[in-house]
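Here is a short briefing to read alongside the structure. Please have the viewer open as you go through the points.

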Amino acid sequence: MKPSEEYIYKQPQKYKDIMLCVLDTLHKEVPEAELLFKWGIPYVYYKKKPFVYLAPNHKKGFVDVGFAKGFQLTQHLDKLVDEKRNTVKSLRYFSLEEIENDVLIAVLEEASRLYP
């Protein structure tokens, strides 16, 4: 098992379910994306560049789905969190039920177009 997969499967059920759901959608929408383990978390690379990371925050109870080029995104800005970060914006999920698949897909599609 890859380190990224091992990390995900060792998470408490809530975080594991969210990360697996996001990854399933991501791989359907961006099949060329590659799941790696960078900076101590699962990090998806696209065209050999950082694309999306998955960071569970156990203290605050959510999974941060961070987009490396998030500052360039223009859709669903009301759903994206930047918290004074200069480049990354993220979708945050506190539960599996919170995932709006149409929003996730739209953000993934837009983000993938930022990689020529």
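Contact here means heavy atoms within 4.5 Å. With that in mind, Lys47 touches Tyr115 and Pro116, leaving aside residues up to four places away in sequence. Please keep in mind that this is a predicted model.

**Lys47 and its surroundings**
- Lys47 sits in the loop between β2 and β3.
- Its relative accessibility is 45%, so Lys47 counts as partly exposed.
- Lys47 and Tyr115 are 68 residues apart in sequence, while their C-alpha atoms are 7.2 Å apart in space.

**How α2 and α3 pack**
- Two packed helices are described by the angle between their axes and the distance between the axes.
- Helix α2 covers residues 13-29 and helix α3 residues 101-112; their axes come within 10 Å and cross at roughly 50°.
- The two helices are therefore oblique to each other, and α2 passes α3 in a right-handed crossing.
- On the α2 side the contact is made by Val22, Thr25, Leu26 and Glu29, and on the α3 side by Asn101, Leu104, Ile105, Leu108 and Glu109.
- Sorted by class, this contact has 5 nonpolar, 2 polar and 2 charged residues.

**Helix α3 itself**
- With 12 residues at 1.5 Å a residue, α3 should span 16 Å, and its end C-alpha atoms are 16 Å apart, which agrees.
- Its buried residues are Val103, Leu104, Ala106, Val107, Leu108, Glu110, Ala111 and Ser112.
- The cover over these buried residues of α3 includes α2 along with the strands β2 (41-46), β3 (49-57), β4 (62-67) and β5 (89-93).

Terms used. Residues are numbered from 1 along each chain as its sequence is written. This is a predicted model: local features need pLDDT of at least 70, side-chain atom pairs count only at pLDDT 80 or more; totals for chains, interfaces and linings use all residues. Side-chain values use heavy atoms; hydrogens and water are left out. Axes are lines fitted to C-alpha atoms, for helices over the stretch in contact, and angles run from 0 to 180 degrees between N-to-C directions. Helices (H or I, at least four residues) and strands (E, at least two) are DSSP runs, numbered from the N terminus. Angles under 35 degrees count as roughly parallel, over 145 as roughly antiparallel, 65 to 115 as roughly perpendicular and the rest as oblique. A crossing is left-handed if the near helix is turned anticlockwise from the far one by less than a right angle, and right-handed if clockwise. Ala, Val, Leu, Ile, Met, Phe, Trp, Tyr, Cys and Pro count as nonpolar, Asp, Glu, Lys and Arg as charged, and the others, Gly among them, as polar. The expected span of a helix is 1.5 Å times one less than its number of residues. Buried means under 20% relative accessible area, exposed over 50%, partly exposed in between (1.4 Å probe, protein chains only).
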